[in-house]
Amino acid sequence: MRAPARSWARVLGNRVVARDTRWIELECPDVAAAASPGQFVMMGTGLSDVAAPFLPRPFSIGARDGDGRLGFLVREFGAGTRRLTRVEPGDELLILGPLGRPFHLSPDRAVLCLAGGVGLAPFLFVSAEARHEGCEVRIVYGERSGDRVFDLGLVREIAGVDPELRTDDGSLGARGLVIDDLDLGDRPQLLACGPDPMLRACVRLATEHDLPLQVSVEEHMGCGVGTCQGCVVLSATGEWIKSCTEGPVFDATELTWQT
Ligand SMILES: Cc1cc2nc3c(=O)[nH]c(=O)nc-3n(C[C@H](O)[C@H](O)[C@H](O)COP(=O)(O)OP(=O)(O)OC[C@H]3O[C@@H](n4cnc5c(N)ncnc54)[C@H](O)[C@@H]3O)c2cc1C
Ligand code: FES
């Protein structure tokens, strides 16, 4: 893996793909060349707005192409993401990456991605790369309601598969959670990214069916490079470990789960 680089990336596109959610494309050839599925970048505006500076925020790499273009799903939560979703083509963002430990896929098992909300982002990239390597990939994707579901045409275009959709209220796709009524007949390797309760449910599912599971955790991150200690998670051996450098992808057996 190449060392992460800090660079200014030109915004190539920014479009609405669901309520409060944008697909942002950046020209960032160095990061694109080095990135692996599951890795993330720290993204910020630098000191372009000195009156209201903010720390860079972590975002999973959602797509890359051979021309040095990266794609990100960015959902508005607070001040930082609100600022990022307002960028326009031609603006520049400060990027540090690629960061963190990627997913490791076994070539001999189908891949089943379990995505909650913006937890879908890394699986777009996973699916595109794994299918290119000849792996069979399924994505089960859950949201609270239909208006939060990302543009499914874009998902198909990038990931190369149609996700199996679930919503809590049943307003789009099947009503229920991503782990409900899953077909596990081909004993796939499970990859999960989403809110903490969903990850815990995935751990219970993997344990029950004796299936391998990797999780991508979304802790709050201050620096992304191992210096601030803001992102620690409890390992299975009882030590606090930094999810920005040891993760964000972990084998589920590496962590303690209070299920
Ligand atoms: C490795 C990694 C990958 C990520 N990938 C994506 C992605 O692809 N797309 C995307 O939209 N978001 C992603 N996130 C989450 C994103 O970084 C946060 O939403 C963002 O930092 C919030 O910044 P803010 O200034 O808008 O909100 P803040 O003002 O910092 O917080 C607003 C609210 O959101 C909560 N919050 C902030 N960060 C998180 C978090 N990580 N998990 C849960 N709640 C949080 C805060 O507690 C607060 O209630 C990722 C996070 C990590 C760690
Ligand atoms: S985010 Fe600073 S140590 Fe992980």
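## Basis of the description

The model is predicted, and local features are given at a pLDDT of at least 70, side-chain atom pairs count only at pLDDT 80 or more, and totals for chains, interfaces and linings use all residues. Residues are numbered from 1 along each chain as its sequence is written, while chains are lettered from A and ligands numbered from 1 in the order in which they are written.

The chain is divided into domain 1 (5-99) and domain 2 (111-218), with bounds that come from an automatic or database domain assignment. Between the C-alpha centres of domain 1 and domain 2 there is a separation of 23 Å. Across the boundary, 16 residues of domain 1 are in contact with 17 residues of domain 2, where contact means that the C-beta atoms of two residues, placed from the backbone, lie within 7 Å.

On the side of domain 1 that touches domain 2, the elements giving two or more residues are strand 1 (5-18), strand 2 (21-27), strand 5 (63-64) and strand 6 (69-75); helices (H or I, at least four residues) and strands (E, at least two) are DSSP runs, numbered from the N terminus. Strand 6 supplies the largest share of this side, 4 residues. By class, this side of domain 1 has 8 nonpolar, 5 polar and 3 charged residues, with Ala, Val, Leu, Ile, Met, Phe, Trp, Tyr, Cys and Pro counted as nonpolar, Asp, Glu, Lys and Arg as charged, and the others, Gly among them, as polar.

## The shell around ligand 1

Ligand 1 is surrounded by 21 residues, of which the closest are R57, G78, G80, T81 and A121; a residue is near the ligand if its C-beta atom, placed from the backbone, lies within 6 Å of it. Strand 4 (57-60), strand 6 and helix 2 (79-84) are the elements that give two or more residues to this shell. Domain 1 and domain 2 each contribute at least three residues to the shell, and its residues divide into 12 nonpolar, 5 polar and 4 charged.

An open sheet is formed by 7 strands in the order 11-10-9-8-12-13-16, and the pairing is mixed; strands pair if DSSP finds at least two bridges between them. Strand 11 and strand 16 (249-251) stand at the edges with a single partner strand each, so one side of each is left without a neighbour in the sheet.

Strand 8 (residues 111-116) and strand 9 run parallel and are joined by 6 bridges, with V111 opposite V137 in strand 9. Because 6 of the 7 residues of strand 9 (residues 137-143) are buried, this strand is largely enclosed by the rest of the structure; buried means that 20 or more other C-beta atoms lie within 10 Å of a residue's own, exposed means 12 or fewer, and partly exposed lies in between, with C-beta atoms placed from the backbone. Strand 9 also pairs in the parallel sense with strand 10 (residues 164-167) over 4 bridges, and V140 stands opposite E164 in strand 10. The chain passes from strand 9 through helix 4 (residues 152-159) to strand 10 in a right-handed β-α-β crossover, right-handed meaning that, with the strands pointing away from the viewer, the path from the first strand over the helix to the second runs clockwise. Strand 8, helix 3 (residues 121-132) and strand 9 likewise make a right-handed β-α-β unit.

## Strand 12 and its partners

In strand 12 (residues 189-193), 5 of the 5 residues are buried, so the strand is largely enclosed by the rest of the structure. Q189, L191 and C193 point one way from strand 12, whereas L190 and A192 point the other way. Strand 12 pairs in the parallel sense with strand 8 over 5 bridges, and with strand 13 (residues 213-216), also parallel, through 4 bridges. The bridge partner of C193 in strand 13 is S216.

S171 lies in the loop between strand 10 and strand 11 (174-175), and G146 in the loop between strand 9 and helix 4. S171 is partly exposed, with 14 other C-beta atoms within 10 Å, and G146 is partly exposed, with 15. Leaving aside residues within four places in sequence, S171 is in contact with S145 and G146, while G146 touches T167, S171 and L172.
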